[in-house]
Amino acid sequence: MGIVAGLDSSSTFTRIVVCDTDTGAVLRQGYAPHPQHGGAEPDGANPHETDPQAWLLSLGEAAGGGLLEGVQAIGVSAQQHGLLALDNKGALVRPALVGNDKRGQVAAADLIEALATEGHGGRRVWAEAVGSVPHAAQPIAKLAWLARTEPEAARRVALLMSPHDWLVWQLLGRPARRTTDRGGASGTGWWSTATGSYRPDLVELALGHRAMLPEVLGPSDAAGTTPEGLLISAGTGETMAAALGLGLGPGDAVVSLGASGSVMAVHHEALSEPDGLITSLADAAGMHLPVVNTSNAVRALRGTAEMLGTDLEELSELALKSTPGAHGLVLLPYLEGERTPNLPHAAGTLSGLRRDSMKPEHLARAAFEGMLCGLVDALDVLRTRGVEIRRVFLLGAAAELPAVQAAAPGLFGTQVVVPQPADYAALGAARQAAWALGVAQGTLAPHTPPVWPAPAGQVFEPGEDLAVWQAVRQQYVATREQIHPGAFQA
């Protein structure tokens, strides 16, 4: 038996789990919030800028009290969409840029236009080049924003890192070798999931000159060993770590219910889509994680609840008083425009109003069905590209709502699993550490992660009323095509 730790540094806190290498059992846990504003920024500072020293302070606090005693290896998971720009001495040229920073919107649009060619729009060229189209949250858009607005700082940039790269580098004592993994690299906008290689020309396009990029490690590779003999695995982004912690494999998809929504699935090859609906990510186990995002998910439920003067739990109870199809009411939940389909300027639509359907329970039901049908649209983008989906993991607090659990299996057409709440990103980081440790010790194969038990959770199967739910789905599609004809062919 060995002991490993998984460290997840999110946007606001650090979680650490200490696990048994053979069983995955959690032995100890630690938690600490990040110091406010990175401990160095004044009140009113941009929330999308931070001093990464805050991550180290939080890590040290979370690991206090002997939490890491006996640990042989550590895996690191960290927030995605972060950019750390360093000079040729390894010092930051400015605070780290993190999160969905909308200041990069114009820069992202300019990057798209810069690759447009005669007969080929820039979105298509980007999708073919790196499997994604630039958007404000992506590091390449942040880099272009930096070059445009802070040219003096941009000229000093010599090395680019993501948050997990930087944390691994710090844990190892800032060695000359800098590393990343496929998962983290795939979210930057300058690494191709199809070829498994960097596109330094795209860094130059954004920054104005080339910069050093971390070495991309394989899933079971070690980034190095600390002077104390502690092995540090490659690390990865939070999404990829959570997928590893959930034990996802081919046939599995994850539907994440936040204000916006996302659908990702494990696939054997990189996928791209000419309009950029698919973001082609790599996972932390040697496979691929195509992702489709929607702009609207739980925000549609919250908006409906506010209209009816209630909360999400009572909205769910109301919805269950109605019947599938909501007496003909259909909500297209495009309250903030939409990404899937690509309708950035659309508004939401409530269709099918009749006197007998104008009741709170029918509106509540339409909100749940509209939200879930929007996510089925995202699932279908993957299915039409050959991604097999036999099981859906449903994540987010809204996954616990009875109205969601009642409708999701029939609308998705698959088994639905609602796993128990857990620190899946930290667990995935620990599983990666156990893998790298096993490979280093010769007890595990480099292409197969350790087998840990599947997470506990509730399982819901499509019932005998599957045909009823298919009719609900068709009602939604017919309304979408009537209001936004050809939306998925635009």
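Are aspartate 283 and arginine 182 buried or exposed? In this predicted model, aspartate 283 is buried, and arginine 182 is buried as well. Their side chains meet in a salt bridge, with an N to O distance of 3.6 Å. This pair links distant parts of the chain, 101 residues apart. Aspartate 283 sits in the loop between strand E18 (278-282) and strand E19 (288-294). Arginine 182 belongs to helix H7 (residues 182-186).

Side chains of opposite charge can pair when their charged atoms come close. The structure holds 19 salt bridges. One of them joins arginine 15 and aspartate 423, at 3.2 Å from N to O. Arginine 15 lies in strand E2 (residues 13-20), while aspartate 423 lies in the loop between strand E23 (415-419) and helix H14 (424-441). The pair therefore ties together parts that are 408 residues apart in sequence. Arginine 15 has a relative accessibility of 28%, so it counts as partly exposed.

Aspartate 377 forms a further salt bridge, with arginine 480 as its partner. Here the closest N and O atoms are 2.7 Å apart. Aspartate 377 lies in helix H12 (residues 360-383) and arginine 480 in helix H15 (residues 466-483), so the bridge ties together parts 103 residues apart in sequence. Both partners lie under the 20% cut-off for buried residues. Aspartate 377 counts as buried because its relative accessibility is 3%. For arginine 480 the value is 6%, so this residue also counts as buried.

Glutamate 317 lies in helix H11 (residues 312-319). Its relative accessible area is 52%, and exposed means over 50%, so glutamate 317 counts as exposed.

An alanine gives a view of another helix. Alanine 107 lies in helix H2 (residues 105-114). With a relative accessibility of 4%, alanine 107 counts as buried. Which residues does alanine 107 contact, leaving aside its neighbours within four places in sequence? They are Ala141, Ala144, Trp145 and Arg148. Histidine 135 is 28 residues from alanine 107 in sequence, and their C-alpha atoms are 8.5 Å apart in space.

Notes: Residues are numbered from 1 along each chain as its sequence is written. This is a predicted model: local features need pLDDT of at least 70, side-chain atom pairs count only at pLDDT 80 or more; totals for chains, interfaces and linings use all residues. Side-chain values use heavy atoms; hydrogens and water are left out. Helices (H or I, at least four residues) and strands (E, at least two) are DSSP runs, numbered from the N terminus. Buried means under 20% relative accessible area, exposed over 50%, partly exposed in between (1.4 Å probe, protein chains only). A salt bridge is a side-chain nitrogen of Lys or Arg within 4 Å of a carboxyl oxygen of Asp or Glu. Contact means heavy atoms within 4.5 Å.
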